[in-house]
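Have the sequence and the 3D view open as you read.

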Amino acid sequence: MQVVVQDIVTQYKRHGKGKVILLLHGWGDTGASWDSTAQSLAAQYDVVVPDLPGFGGTSQPKEAWSLSEYAVFVRDFLHKLGLSPYAIIGHSNGGAIAVRGIGQGHFTAEKLVLLASAGVRSPRASYGLNVIAKVGKIVASPLPRRVRSRLRTKLYAKAGSDLLVAEHMQETFKRIVRDDVRADAAYISTPTLLVYGDRDEQTPLSIAQQLEQAIEGSRLQVIPHAGHFLYVDAPEETLQLVQDFLHA
């Protein structure tokens, strides 16, 4: 299904009937990553899954966006479809967008689920990204273009950066990884469940604990032996936690 939001052709899927649940995917991902989760939830809910701008079947923004532009886009997407979500579930960067959107009042939900949510930024990480970019440019500048590209990919991968996961969105990525949502989280009064894996290296438990502390009344659940992609590493445990929270 397609809808035009802010002049951006937006791809989305919709499954089931009932209260509306909006699923927001992470950086470099697409709505298809939610297929299994969406099918399970669709037995009781109307599940709406967009490809966020720049990913999957949705056009990319004309300019570099921050989390704020993504949050406003989600607001306009919901308005365009006439939806008032019962719950929003965000994974990684999708969680950060949800925190920005609800915290700043762009949209609301009765319940919020953050799965391995990002949004707590480290000054050291931003500094490291700048250093890698400068070093990579200096080292690679005399080399042919193909060699430069391979070298940059290796440098960023070695640093654990997702910059090149979506090369066409590099400028947006640079803005987002410097965009911290802790101040927004402090304004959230929506009942919130946080679910993280104890083997998540991209959004470690220290991030979960800071968001739990910032969101009053929120609850943190940790899944043993799960990494960043909880719903892949531990699909049944993740789904059970989410469903118990939604049904409560």
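Predicted model: local features only at pLDDT ≥ 70, side-chain atom pairs only at ≥ 80, totals over all residues.

Residues are numbered from 1 along each chain as its sequence is written, and side-chain values use heavy atoms, with hydrogens and water left out. Helices (H or I, at least four residues) and strands (E, at least two) are DSSP runs, numbered from the N terminus. For accessibility, buried means under 20% relative accessible area, exposed means over 50%, and partly exposed lies in between (1.4 Å probe, protein chains only).

**Salt bridges**

- Side chains of opposite charge can pair when their charged atoms come close.
- The count is seven salt bridges, each being a side-chain nitrogen of Lys or Arg within 4 Å of a carboxyl oxygen of Asp or Glu.
- Asp179 and Arg100 pair through their side chains at 2.8 Å, N to O. This bridge links distant parts of the chain, 79 residues apart: Asp179 sits in the loop between helix H6 (170-176) and helix H7 (182-185), and Arg100 in helix H3 (residues 93-103).
- Both partners are buried, with Asp179 at 12% relative accessibility and Arg100 at 5%.
- A network of salt bridges links Arg100, Asp179 and Asp184.
- Lys13 and Asp35 form another salt bridge, at 3.2 Å from N to O. Here too the pair links distant parts of the chain, with Lys13 in strand S2 (residues 8-15) and Asp35 in helix H1 (residues 35-41), 22 residues apart.
- Lys13 is partly exposed at 35% relative accessibility, and Asp35 is partly exposed at 29%.
- Lys174 bridges to Glu171, with the closest N and O atoms 3.3 Å apart. These two are separated by about one helical turn, because they lie three residues apart in helix H6.
- Lys174 is partly exposed at 28% relative accessibility, as is Glu171 at 48%.

**Helix H10**

- Helix H10 (residues 235-247) has 13 residues and should span 18 Å at 1.5 Å a residue; its end C-alpha atoms are 18 Å apart, which agrees. The expected span is 1.5 Å times one less than the number of residues.
- Its buried residues are Thr238, Leu239, Val242, Gln243, Phe245 and Leu246. Seen down the axis of H10, they fall within an arc of 160°, so they line one face of the helix. That arc is taken from the directions from the helix axis to the C-beta atoms.

**The cavity**

- Searching the whole structure gives one cavity of 30 Å³ or more. A cavity is a set of points on a 1 Å grid over the protein atoms alone where a 1.4 Å probe fits but cannot get out, and lining residues have an atom within 4 Å of a point.
- The largest cavity holds about 30 Å³ of space, where volume is the space filled by probe spheres set on the points, joined across faces, edges and corners.
- Its lining consists of His25, Gly26, Trp27, Leu52, Phe55, Tyr70, Asn93 and Ile97.

**Positive phi angles**

- Asp7, a residue other than glycine, has a positive phi near 65°. Asp7 lies in the loop between strand S1 (2-5) and S2, and is exposed at 72% relative accessibility.
- His225 is not a glycine either, yet its phi is positive, at about 65°. His225 is in the loop between strand S8 (219-223) and helix H9 (230-233), and is exposed, with a relative accessible area of 56%.

Definitions and conventions:
1 Å grid on protein atoms, 1.4 Å probe; cavity = no way out; pocket = protein on both sides within 12 Å on 5 of 7 lines; lining within 4 Å.
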